[in-house]
Amino acid sequence: LRVEFPEVSEKKIVYRFIDDPFPGLKGKVDYAKLDKTYMQFKVDYILGNGWSYKTTKHIWNGDPYTEHVITKK
């Protein structure tokens, strides 16, 4: 699974999935619910409750990658 972090600072992390981690589920589940199962865990338990994330691009919508922008509250 290829990922990139094109921006990392004390208040912002841009996290991009270049590859689709769940290609077999496309069209079968809501990507927002699926992504939340792992992204919310990463944000809450690895970074802490002072962080949140927003999905700005998604490979299932035809974007070249899935991008999550993580910001400090």
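E67 lies in strand β4, residues 66-72, where strands are DSSP runs of E with at least two residues, helices are runs of H or I with at least four, and both are numbered from the N terminus. The model is predicted: local features need pLDDT of at least 70, side-chain atom pairs count only at pLDDT 80 or more, and totals for chains, interfaces and linings use all residues. Residues are numbered from 1 along each chain as its sequence is written, and side-chain values use heavy atoms, with hydrogens and water left out.

E67 has a relative accessible area of 8% and is therefore buried (under 20% relative accessible area, with a 1.4 Å probe and protein chains only). Its side chain makes polar contacts (N or O atoms within 3.5 Å, one able to donate a hydrogen and the other to accept it) with the side chain of R16 at 2.7 Å and with that of T56 at 2.6 Å.

H68 is also found in strand β4. H68 counts as buried because its relative accessibility is 0%. The side chains of H68 and T55 are joined by a polar contact of 2.9 Å. Beyond four places in sequence, H68 touches (heavy atoms within 4.5 Å) residues including I13, Y15, F17, Y38 and M39.

Conventions: Buried means under 20% relative accessible area, exposed over 50%, partly exposed in between (1.4 Å probe, protein chains only).
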